[in-house]
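Welcome! Here is a short tour for someone meeting this structure for the first time.

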2 protein chains.
Amino acid sequence: MNEFEFLDGLRRQTDSRRHSTRLLTGIGDDASVISQAGNRDLIVTTDLLVEGVDFYPDATPARLLGHKGLAVSLSDIAAMGARPCWTFLSIGMPPERWEDQFKDQFFAGYLALADHFGVTLSGGDVSETKTGIVIDSIVLGEVNSGAAIKRSGARPGHQILVTGTLGGAAAGLKLIENGARVSQSPPSASASADDESIQALLLRQLRPQPRVGWGMVLGQQELASAMIDLSDGLSSDLKHLCDESNVGALIDASAIPLDDDVKRLCGRRALDPLALALHGGEDFELLFTVAPENVSRLPKKVDGVAICNIGEITAAKRAIRIRERNREWDLQPGGFQHFDR
Amino acid sequence: MNEFEFLDGLRRQTDSRRHSTRLLTGIGDDASVISQAGNRDLIVTTDLLVEGVDFYPDATPARLLGHKGLAVSLSDIAAMGARPCWTFLSIGMPPERWEDQFKDQFFAGYLALADHFGVTLSGGDVSETKTGIVIDSIVLGEVNSGAAIKRSGARPGHQILVTGTLGGAAAGLKLIENGARVSQSPPSASASADDESIQALLLRQLRPQPRVGWGMVLGQQELASAMIDLSDGLSSDLKHLCDESNVGALIDASAIPLDDDVKRLCGRRALDPLALALHGGEDFELLFTVAPENVSRLPKKVDGVAICNIGEITAAKRAIRIRERNREWDLQPGGFQHFDR
């Protein structure tokens, strides 16, 4: 039984025992939606990060870990088209971490990102652990009543778009696994273009930038019909979206926005930019669908981040196809099987 | 630096960077309070339980662990005088736990308690861990605008009351540490009164009953001026309440409701009922204060659970005194220094 089978079972159980008619969306989307008075819906997400599974402590400076702990949850709120407002943090650490600089650096990173998006740390819990660090980051956001963008709204003919570029975070993870480490000092004048690309990719992995601005624009202007954030990888997350919408998709390989640093390093370091872009996880870009009549209403950029049109939703239920030049084949979900939803 | 010093520091930091004027109460109470439209306040609490620190897996059947994981958070919501509505659960487990019956039993216990109080499991996250189990239980509740009962509202002359009986959960923990285990079969006809008391105390520790009904009555009828749940122990939690209210207290030792099973076993098993009631943690009863004119309005029982008047708030700032017959002395916070707030 893998994570998805388990969550499917749990979702069936919980669907049959809803005590609250105000729970509009529960297990099975990026975040849950609860209707509130005053034409607002409350959006809630939680993300558990475990040492040795979701991050390597020796490769992750404490400040960046604090940043990422919050970023992954902000990305879920963005994927619902909502505005993040409040965060709660449960953190468990071995006793020695309470004595060193770790916790101060961790909270500095967490709070700096919260401040950047006007999110207030509002509570949480702390505990000792016997071994590693564990972080559960909770974010509450808000959206206009009924305006939350679910995974289930994509319809045949809708265009498929993605923010930013893909493959960088997975390349960063490969570099970490090969021993590369983020530099704590500013780049020297003698740093090569390769060195700079390596550092940039490490930060794509360790300091993801949640697309909070794009999420809010798409939600407030009701531009997107369905949305998900790219945590598992394009091939897996597009499948989640198509499964929930009961549709298929056709992707154009040449339209996928590849990360420039991955392209620069690809030859020498056995990185395949397209494979990383299709199957690499944790880019935390937004993947969304837009009805044809709304495509021209999309802004070109939000917060300096562009979007690309990479394909179209089809009526072929749950069949994800990809076209590269004259070939077309089934795109199998091949992303890292992330152990969260 | 202990937990309380750390949280004090974090509280000062977060107080100075509130981006939301709607956060009415943050770090430093049983739960956080966020104002909503429609004359409602949202109450949020998170509780992290870590294997080997907060529970012993060999002494804790999975179903009871599921129950307790939710119960501790429901108790925090009750301590705010609120109604629990939605729960979110982040859980990390080693791979082998996903294969055995553990997770099904765990969720059966969690969902049974949620159903009992009409609370809906609304989302969460799952992750693998390298070693032990970690559970972060989040509960959202609601209360009428401004009616949340904080720790800070106690005034000199207010009476101090407590629900249920005290000391049972700490006695249960001692029994577990001495090797006692909860029986999986119904009591046999030959079970002695001692055996029955031991089983009852183990369940006080492993299957705490959050005082959800009392919390809602006190909140809806605005009967209590301040409230806290007894997670750290009476001496510690009364100090938290008095510190937040900037008052003192005088407790009458003879009025403290001792657990009957503790009294029954005390002679033979080196259990001191008063010490356990004063300093033992995890009874998850409610400790609250009531203005003199409201005492007669209190119901005698809610859900079959009685209350006792154990003392009075004094003007002696932060001085907690206890009287036993003709003696009176300072009550030092001596509870287990629980590593959560």
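A residue counts as buried if 20 or more other C-beta atoms, placed from the backbone, lie within 10 Å of its own.

This is a predicted model, where local features need pLDDT of at least 70, side-chain atom pairs count only at pLDDT 80 or more, and totals for chains, interfaces and linings use all residues. Residues are numbered from 1 along each chain as its sequence is written, while chains are lettered from A and ligands numbered from 1 in the order in which they are written.

Let us stay with α5(A), which runs over residues 168-177 and is mostly covered, with eight of its 10 residues buried. Among them are Gly168(A), Leu173(A) and Ile176(A). Just after this helix, Gly179(A) has a positive phi of about 100 degrees.

Now for chain A as a whole:

| Property of chain A | Value |
|---|---|
| Helices | 10 helices |
| Strands | 14 strands |
| Buried residues | 55% of the 341 residues |
| Span of the C-alpha trace along its principal axes | about 55 × 55 × 40 Å |

Nonpolar side chains tend to be buried together in soluble globular proteins. In this model, Ile43(A), Met227(A) and Leu287(A) are among the residues that touch the most other members of the largest nonpolar core, which holds 201 residues. Such a core is a set of buried Ala, Val, Leu, Ile, Met, Phe, Trp, Tyr and Cys residues joined through C-beta atoms within 7 Å.

Technical notes
A residue is buried if 20 or more other C-beta atoms lie within 10 Å of its own, exposed if 12 or fewer, and partly exposed in between; C-beta atoms are placed from the backbone. Helices (H or I, at least four residues) and strands (E, at least two) are DSSP runs, numbered from the N terminus.
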